[in-house]
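The sequence and structure are shown first.

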Amino acid sequence: MTIIRKDFVKPAFDRSVKETLTKKGENMSSMILKGKIHKFGSNVNTDEIIPPRYLHSPNPEFAKYCFRDIDRDFADRKQAGDIIVAQDNFGWGSSREYASMALKAAGISAVIAASFSRLFFRNSINLGLPVLESQQAAEYIESGDEVEIELNNGIIRNITKGESYPFQKYPEFMQKIIAAGGLLNYIKK
Amino acid sequence: MGQTITEKILADKCGKKIVKAGEFIEPQPDIILANDVTAPSAIKEFKKLGVPKVFNKDKIVFVMDHFATGAAESAEQLKIVREFAKEQDIFHYYEGGNAGIAHILLPQQHIVLPGFAAIGADSHTCAYGAVGAFSTGIGAADAAAAMAEGKLWMKVPQSIRFILKGTKNKWVSGKDIILYIIGEIGVDGALYASMEFEGPICKELSMSERLTICNMTVEAGAKNGIFAPDSITKKYIPRSKKYKIYSSDKNADYYQTYEIDCSKIYPQVSLPYSPANTRNVKTLKKIFIDQVVIGSCANGSIEDLRIAAQIIKKGKKINPNVRMIIIPSTPKIYAAALKEGLIEIFTSAGASVSEPFCGVCLGNSMGALASGEKCLATTSRNFVGRMGHPKSEVYLSSPATAAASAIKGYISEADEI
């Protein structure tokens, strides 16, 4: 197979720009999420986020089974507000919304990844779970880091490492969906 | 800069002259689909919105395909959808003998037409690109919102062009081509993007092969797959139907272009546990199998059944170590297979023939695998535990390879029969 043209180039991250980014971020505030990081690799699928054999359990119980097959003590280590960081194609697989529901049930406040499976991305926004794309954050943030996200300003701040990484801000309507707690709440308003 | 076929359809659906990749829009779909797994939760959410009526009773399609006529635990789910369809006077409600698998039923009954925008609460909704429609999978909350508002938020996808060239080798079908492509670009090779197929080989791809190809674009992460309508499309759609034909401009903007020399593609198999884990069948050592399945939204057309029958007829008997299950995708295909004598060929060779539904593909209701068992299937996914026990294995192939393997008892090429 011949690739004729491939325009996609991974943006280079200059660690020296971190100061300006941090300062710029401090001037603004609104919708700030803060939590400890749990980091995963590439292609984490919906079955790994919540194994299908637990789908018949009541919704709040999903918290106990989240990531059970790939990170057995996740349920014991997680705390309300924690943030997931992953590499490429997070949430690959089913169109059903259980994966996003399970992360919400586990108290996860946001997911940051280099890229997401599109159905997981949609479902998360629609259920009011912030999902952020940032190649740099996915590369440099490590498990255990303390991270702060300025949702409306497009900035992820790594408090532990003293670095900042930009992410593409949501368009206004998506910010409103997230703020309303999901698509259906947004429509009701 | 020109526009791709996907951009043109989406622009029309939101009343704009031009939309560009990356832009957020709110298109008005022509079809909103949900099945017996997703419709019950979409209906539950719809009711919470306090909207009395769906936006358009003729644009919503419910197909009860995952549980077929209803296992005990799903009977209540089916009832929710049935009652809602009656209450809302939904025209396109399909169940039992009128149903079959949605992604084959909708094109077959011309419910989806060229130029349509179709959204469906099922990841394989992307199949309808075969007839030149924009179609993509959504979640149940999406479906609820769209049923109320008649529109849905969406990002215009970037387009990746696949130019299919060369010649088609013997026994190579649309399934082999798409498995090969997914193997090359990976499960996120077309993430968020539109996969557009063109090139001289398209003339040799029947509508059912195009459906298979577009169906599986989601396995490469794509938002939609699409073939611009041509003479094959026009022949497939009855003259009485009104539709609009879109095609990409010569100067349209493509994010990537792949040129694929089909002369290099031989029958393919995807090994567990990823559709991208693709191999040329010839290069495999003997993999003995316990079950073969021909069916699903990816491969259960009358053409698929004809190919399988042609091979089985030559081999006469299914290998005694193999259980073979054949699932025509719709009742109409079942009836045609009966009339053509295909069902008799299958049953006298020792295969069982199921009623049309999704069943086996997701280890639901029938054909489930026990620990350590291997199945070669013409389905679309081979994730861990997809067809039963977490320690069972699913291999993906074309109907020709599946039929040949059922006779041999191990994964083998149709040429070996």
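## Helix packing and chain interface

In this predicted model, α6(A) and α8(A) are oblique to each other, because their axes cross at roughly 60° and angles from 65 to 115 degrees would count as roughly perpendicular. Helix α6 of chain A covers residues 118-126, helix α8 of chain A covers residues 172-180, and their axes come within 8 Å. On the α6(A) side the contact is made by F121(A), I125(A) and N126(A), and on the α8(A) side by M174(A), I177(A) and I178(A). These residues comprise 5 nonpolar, 1 polar and no charged.

In chain B, helices α2 and α3 are likewise oblique to each other, and their crossing is left-handed. Residues of α2(B) in the contact are A39(B), P40(B), I43(B), F46(B) and K47(B); α3(B) contributes Q77(B), I80(B), V81(B), F84(B), E87(B) and Q88(B). The contact of α2(B) with α3(B) divides into 7 nonpolar, 2 polar and 2 charged residues.

| Helix pair | Residues | Axes come within | Crossing angle |
|---|---|---|---|
| α6(A) and α8(A) | 118-126 and 172-180 | 8 Å | roughly 60° |
| α2(B) and α3(B) | 39-48 and 75-88 | 9 Å | roughly 50° |

Between the chains, 46 residues of chain B are in contact with 36 residues of chain A. Together, chain B and chain A bury about 3500 Å², of which 61% is on carbon and sulfur atoms. The interface has 1 salt bridge: the side chains of D142(B) and R122(A) meet at 2.8 Å, N to O.

Definitions and conventions: Residues numbered from 1 in each chain as written. Chains lettered and ligands numbered in written order. Predicted model: local features only at pLDDT ≥ 70, side-chain atom pairs only at ≥ 80, totals over all residues. Heavy atoms only, no water. Axes fitted to C-alpha atoms, helices over the stretch in contact; angles between N-to-C directions. Helix = DSSP H or I, 4+ residues; strand = E, 2+ residues; numbered from the N terminus. Parallel < 35°, antiparallel > 145°, perpendicular 65-115°, else oblique. Left-handed = near helix turned anticlockwise from the far one by under 90°. Contact = heavy atoms within 4.5 Å. Nonpolar A, V, L, I, M, F, W, Y, C, P; charged D, E, K, R; others polar. Buried area = accessible area lost by both parts, 1.4 Å probe. Salt bridge = Lys/Arg side-chain N within 4 Å of Asp/Glu carboxyl O.
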